[in-house]
Each structure stands twice: as C-alpha cells, then as structure tokens.
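Keep the model open in your viewer and follow the selections below, stop by stop.

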Amino acid sequence: APLTNILKQHMRDGRVDYPALTQDRRGLDDYLAATAAVSRATFDSWPKPDQLAFLINVYNASTLRLVRDNYPVTSIRKIGGLFTSPWKLESVQLWGQSFSLDHVEHTLIRKNFPDPRVHFALVCAARGCPPLRPQAYVGATLNPDLDEQGRLFMAQSDKNRVDRQSGILWLSPIFDWYSKDFTKEGKTISEAITPWLPSDVAQYVRS
C-alpha cells in the first residue's frame, strides 16, 4: 500500500513526476527503509510469488530513488560518473547489505525466478523501458499482472510493431539483450511474444 500510494501521487500519464517526488521524499524513503528491514529469514519464508513481487517493487522503488537523488538529470545513464554505470552503484539495501540494481536483477531475480515476464515489470527509468505500473506488485495477483504488463508493453508501437507490408517484426532491444530468457523453451522470439500480442497480430506473426 505505501508504494502504491507513492506511485499514484507522483505519476502523470504513465510518467514519474520527479520534481514532485523530490519535494515529497519521506514516503519513498520510508518504504525503502521498511523493505530494508525485512530479514532474509522472513523473506525466505514467503511463497515464491511474494518473494518475486517484493524484489520487483524494491528494484523499481530503488530506481526511482536513484533518479530522485540525482535530479535534475537528463538521463539515468549520466548517474554514476565516467567509470561506473548507475546499475552498478550499490544503491539497494537488503538484508543488512548493499546491492547494485544489476545484482538485484541478474542474481536475485533472473537466477532464482526464470520468468521472462520480469523484463516487462523491471523499470530502468528510460523512455525505451516498459511502462511503470502505477501499483505495487503483490504475490496474489502477480501472474495476471505480469501478463498485463506484457500486453501493455507490446502494444506500444514506438517500441514493438509489425510491418505487414514487409513482414518485418520490429522489437524493443529488450528482446535482444535478454533473448535467452524468452527462448529457453526452444521457442523463437516471435513465437515467445505471441501471448502478449493482440489476437489478430499474434495470428499474423504465427503465420
């Protein structure tokens, strides 16, 4: 509930209102303090969907805080300096340790939860990323929520589209960077994405 309140207060038309977020720091800081206070034993006792929802929320909230703390900045890529990317900064606090966003994504999430739909939910604070969901994820509805995120992302024609005249499928670089996550079951990328395409587009792609 606290994260959902933050997102609803500081999102406008699917984008984060960072000036407002910089003026209202306490909500996000309190939320991340609460998640940092969760012990590893408590986390390990949760069902897998609750664990994954928790980690996605922590990742997204930590990304918002990283941008907020460096605002105004024209691109998240400019955070961290010349030799360190923002995703390698130890900006996430969990279980009494500091982790980078890369560690949360690639080690804690992708290694332990081999679900390609996480790439629809993890937000990198760039326009090319999937949209940020205006509600926190919860384990009870995680499966349909991830599918909904997939449909929203695939419907963004500036990132994913089909040119029926040429027969070319234009896709976000996410499907290049993480192609192995989507093709683990022996599917091609075009086969793997059909569950999140509109039915008529999915039928065209399959043909």
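Select helix 8, residues 142–154, in this predicted model. Check its length: the 13 residues should span 18 Å at 1.5 Å a residue, and the end C-alpha atoms are 18 Å apart, so expectation and model agree.

Stay on helix 8 and show side chains. Buried here are L142, D145, L146, Q149, G150, F153 and M154. What covers them? Among the covering elements are helix 5, helix 7, helix 9 (174–177) and helix 11 (189–193).

Next, select I56. Beyond its neighbours within four places in sequence, I56 touches L142 and L146, along with I109, A121, L122 and Y137.

Now widen the view to the largest nonpolar core, which holds 45 residues. Which residues have the most contacts inside it? They are L55, I56 and L94. Colour the elements that give two or more residues: helices 1, 2, 3, 5, 6, 7 and 8, plus strand 3 (92–94). Helix 5 (48–69) gives the most, with eleven residues.

Last stop: helix 1, residues 2–10. Select L3, T4, I6, L7 and H10, the buried residues of this helix. They sit on the same side of helix 1, because they cover an arc of only 160 degrees around the axis. Their packing partners are strand 1 (11–12), strand 2 (15–16), helix 2, helix 3 and helix 5.

Conventions
Residues are numbered from 1 along each chain as its sequence is written. This is a predicted model: local features need pLDDT of at least 70, side-chain atom pairs count only at pLDDT 80 or more; totals for chains, interfaces and linings use all residues. Side-chain values use heavy atoms; hydrogens and water are left out. A nonpolar core is a set of buried Ala, Val, Leu, Ile, Met, Phe, Trp, Tyr and Cys residues joined through side-chain atoms within 4.5 Å. Buried means under 20% relative accessible area, exposed over 50%, partly exposed in between (1.4 Å probe, protein chains only). Helices (H or I, at least four residues) and strands (E, at least two) are DSSP runs, numbered from the N terminus. Contact means heavy atoms within 4.5 Å. The arc is that of the directions from the helix axis to the C-beta atoms. The expected span of a helix is 1.5 Å times one less than its number of residues.
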